[in-house]
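Dear colleague,

Please find below the structure that I am handing over to you. My notes on what was found in it follow directly after.

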Amino acid sequence: MQLLLNIDVDDLARATGFYCAAFGLRTGRRFGTDGVELLGAAVPLYLLAKPAGSPAFPGATQVRDYTRHWTPVHVDIVVDDVDAAVARAVAAGATLEQPARTANWGRIALLADPFGNGFCLLQFLGRGYDEIATPA
């Protein structure tokens with residue numbers, strides 16, 4: 001199985017600049033004015049141009065809104081230094097929603113991109129999630 005990450009944005013150039021500056025990604029392929037592939041993470045990230053106010057899917061009553069929103073799916077980005085990663089992301093345009101805090105598995109900070117999508121920056125410490133894992 002291959003995993004791809006797609007993120008809807010209303011401004012493709014601005015989103016490309018943000019994700020490249022915040023996370024050190026680089027532009028791969030371009031798909032006309034509809035999308036861009038970003039490389040440099042464990043999976044490719046695809047930014048998809050979708051105008052604000054457009055239906056989320058055919059027949060949807062809910063429309064795309066790029067203000068801060070909640071979704072049950074979000075991206076966790078594992079970094080070597082959460083404080084440096086937070087500074088880089090905020091400088092690129094992210095909003096810091098919760099400063100880094102320490103848990104027994106590592107450190108976590110909560111942020112949002114300029115398009116309302118929440119994401120977490122994680123720095124594993126010790127054995128990472130194995131510090132809290134139980135046998136399956």
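Strand 1 and strand 4 pair in the parallel sense, and five bridges join them. One of the residues involved is Asp8, whose bridge partner in strand 4 is Leu48. Please keep in mind throughout that this is a predicted model.

This pairing belongs to an open sheet of four strands, in which the order is 1-4-3-2 and the pairing is mixed. The edges of the sheet are strand 1 (5-9) and strand 2 (26-31); each has a single partner strand, so one side of each is left without a neighbour in the sheet. From one strand to the next, the twist averages 25 degrees.

Ala42 lies in the loop between strand 3 (35-39) and strand 4. With a relative accessible area of 85%, Ala42 is exposed, because the cut-off for that class is over 50%. Ala42 and Leu4 are 38 residues apart in sequence, while their C-alpha atoms are 9.6 Å apart in space. Ser54 is located in the loop between strand 4 (45-49) and strand 5 (75-78). Is Ser54 buried or exposed? Its relative accessibility is 14%, so Ser54 counts as buried, the limit being under 20%. Leaving aside residues up to four places away in sequence, Ser54 touches Val63 and Arg64.

I turn next to the aromatic rings. A pair of aromatic rings is described by two quantities, the distance of the centres and the angle of the planes. How many aromatic pairs does the model contain? The count comes to eight. One of them joins Tyr19 and Phe23, with 5.8 Å from centre to centre and 40 degrees between the planes, and this pair is tilted. These two residues are four apart in helix 1 (residues 12-23), which means that about one helical turn separates them. Both Tyr19 and Phe23 are buried.

Another pair is formed by Trp105 and Tyr129, whose ring centres are 5.2 Å apart. Tyr129, at 39% relative accessibility, counts as partly exposed.

Ring pairs also link Phe18, Tyr19, Phe23 and Phe119 into a cluster.

Finally, some values for the chain as a whole. Its secondary structure consists of two helices and eight strands. Read from the N terminus, these elements run β-α-β-β-β-β-α-β-β-β. The C-alpha trace spans about 45 × 35 × 30 Å along its principal axes. The chain has 136 residues, of which 34% count as buried. Of the contacts between residues at least 6 apart in sequence, 46% join residues at least 24 apart. The accessible surface is about 8200 Å², and 57% of this belongs to carbon and sulfur atoms.

With kind regards

Key. Residues are numbered from 1 along each chain as its sequence is written. This is a predicted model: local features need pLDDT of at least 70, side-chain atom pairs count only at pLDDT 80 or more; totals for chains, interfaces and linings use all residues. Side-chain values use heavy atoms; hydrogens and water are left out. Rings of Phe, Tyr and Trp (its six-membered ring) pair if their centres lie within 6.5 Å; planes under 30 degrees apart count as stacked, over 60 as edge-to-face and the rest as tilted. Buried means under 20% relative accessible area, exposed over 50%, partly exposed in between (1.4 Å probe, protein chains only). Contact means heavy atoms within 4.5 Å. Two strands pair if DSSP finds at least two bridges between them. Axes are lines fitted to C-alpha atoms, for helices over the stretch in contact, and angles run from 0 to 180 degrees between N-to-C directions. Accessible areas come from the Shrake-Rupley method with a 1.4 Å probe; for residues, only the protein chains shown count as cover.
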